[in-house]
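Welcome, and take a moment to look around before reading on. The report below walks through a few places one by one.

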Amino acid sequence: MIQLHDKFFKPFISEKEIQQAVKRVADTIAADYRDTTPIFVGVLNGSFMFVSDFLKAYEYPCEVSFVKLSSYQGLTSTGIVETLLDLPENIEGRDVIILEDIIDTGRTLQELVHLFSNTNVKEFKIASLFYKSEVYNGEYAIDYFGLEIPDRFIVGYGLDYKELGRNFREVYQLNQKHMINLVLFGKPGAGKGTQAQFLKEQYNLKHISTGDVFRFNIKNGTELGNLAKSYIDKGDLVPDAVTIKMLEDEVGKNPDADGFIFDGFPRTAAQAEALDNFLESKDMKINATIALEANDEVLIARLLERGKVSGRSDDQDVDKIRNRFEEYSLKTAPLKNYYEDQNKFHSVNGIGSIEEITERLTKVIASL
Ligand code: AMP
């Protein structure tokens with residue numbers, strides 16, 4: 001186990017496996033390009049080790065160059081990618097093969113394709129040492145890859161965590177043992193969002209409220225927002241496929257979080273199972289599901305009060321509120337058994353002052 005900044009990493013891919021994968025990629029590309037003189041274009045910074053070892057394994061005429069992109073994780077859902085080191089010259093009519101250290105969502109790749117789209121290269125191919133097929137958006141074909149890997153946060157062999165770890169000869173994965181992942185459970189108005197604000201500060205967790213993400217998308221008129229709006233306006237649940245995909249994207253945007261608070265998710269059995277499978281694929285798990293309990297009359301009064309302030313239309317109409325409660329009793333309440341079977345279900349009295357309830361939640365988390 002090694003430590004980089006605040007996080008621990010455990011061995012994942014050995015030096016030998018990496019070198020074998022590099023050799024395989026070099027041999028495959030050589031079979032296709034040995035009689036031409038391709039230009040290999042490494043994508044900095046992460047690919048420098050791969051490019052170096054790749055070129056040593058590629059024993060035919062070739063040239064090498066680099067581009068550098070920088071991605072920022074802004075407030076919006078898509079990171080902005082900026083070019084810091086531009087295209088090599090004299091690539092017109094040439095065979096260009098991009099050498100990437102890793103392909104995950106495909107955002108950087110999209111920018112690369114865009115970068116080369118105005119050039120008259122003869123052929124444009126993509127080779128990546130590591131390939132996260134589970135999260136790749138699939139927009140472009142990956143022509144060559146060395147190793148297909150699950151969606152883990154990795155460092156080493158050129159890849160970094162906050163700039164550290166690039167010099168390791170082997171690849172390590174983030175150790176998730178210290179992560180705390182919580183599901184906040186309870187009817188609308190139970191106080192999940194309010195309590196999440198306190199817990200996220202206290203434990204340095206990322207709070208994901210599916211309701212908030214939907215409302216953000218509706219406000220911004222995105223495709224997802226337009227799709228969700230009709231359901232939310234009536235107090236119905238948005239279809240599982242849409243919600244699950246959105247949740248996975250939100251988790252994927254925070255690969256180095258110390259843990260997550262899931263608020264308003266899962267709400268159906270299918271969502272609970274999808275969440276478990278998804279977390280398992282990332283070497284993560286739910287530690288506890290904590291239900292905030294309060295009776296309907298208290299909840300209705302709270303929601304109507306909130307509706308006056310927030311302007312949420314689904315909080316202003318008693319019929320819509322009752323429909324949300326019905327959806328809860330029908331589809332969400334049965335999840336109690338799902339988590340009880342896993343010994344993860346905890347119940348907390350959700351009536352009292354905000355501080356009192358935070359205190360009750362903290363006690364449960366401390367007991368984990
Ligand atoms: P909330 O803010 O959690 O009360 O969510 C508001 C509305 O967003 C719900 O009434 C649903 O229409 C929709 N929604 C939020 N989370 C989910 C989910 N996990 N599954 C389906 N629909 C959801």
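## A first residue

Is Thr-210 buried or exposed? Thr-210 is buried, at 3% relative accessible area (buried means under 20%, exposed over 50% and partly exposed in between, with a 1.4 Å probe and protein chains only). Thr-210 belongs to helix 5 (residues 210–219); helices (H or I, at least four residues) and strands (E, at least two) are DSSP runs numbered from the N terminus. Setting aside residues up to four places away in sequence, Thr-210 touches Thr-243, Met-246, Leu-247, Asp-263, Gly-264, Phe-265 and Arg-267, where contact means heavy atoms within 4.5 Å.

## How to read the values

This is a predicted model, in which local features need pLDDT of at least 70 and side-chain atom pairs count only at pLDDT 80 or more, while totals for chains, interfaces and linings use all residues. Residues are numbered from 1 along each chain as its sequence is written, and side-chain values use heavy atoms, leaving out hydrogens and water.

Helix 10 covers residues 318–332, and its 15 residues reach 20 Å from first C-alpha to last, close to the 21 Å expected at 1.5 Å a residue (the expected span is 1.5 Å times one less than the number of residues). Its buried residues are Ile-321, Arg-324, Phe-325, Glu-327, Tyr-328 and Thr-332. Seen down the axis, these fall within an arc of 155 degrees, so they line one face of helix 10; the arc is that of the directions from the helix axis to the C-beta atoms.

The face turned away from the buried side carries the exposed residues Asp-319, Glu-326 and Leu-330. The buried residues of helix 10 pack against strand 11 (180–185), helix 9 (296–310) and helix 11 (335–341). One of those buried residues, Phe-325, has Lys-187 over the face of its ring, at 5.1 Å from the ring centre (NZ of Lys or CZ of Arg must be within 6 Å of the centre and within 35 degrees of the ring normal).

## Helix 6

Helix 6 (residues 223–234) has Gly-225, Ala-228 and Ile-232 buried. They cover an arc of only 80 degrees around the axis, which puts them on the same side of helix 6. On the other side, Glu-223, Asn-226 and Lys-234 are exposed.

What covers the buried residues of helix 6 includes helix 5. After helix 6 comes Gly-235, with a positive phi near 85 degrees.

## Aromatic pairs

The structure holds 16 aromatic pairs (rings of Phe, Tyr and Trp, the last by its six-membered ring, pair if their centres lie within 6.5 Å; planes under 30 degrees apart are stacked, over 60 edge-to-face and the rest tilted). In Phe-50 and Phe-54 the ring centres are 5.9 Å apart and the planes at 70 degrees, so this pair is edge-to-face. The two lie 4 residues apart in helix 2 (residues 48–57), separated by about one helical turn. Both Phe-50 and Phe-54 are buried.

Phe-185 and Phe-345 are also edge-to-face, because their ring centres are 5.7 Å apart and their planes at 90 degrees. Phe-185 lies in strand 11 and Phe-345 in strand 15 (residues 345–349), so the pair ties together parts 160 residues apart in sequence. Phe-185 and Phe-345 are both buried.
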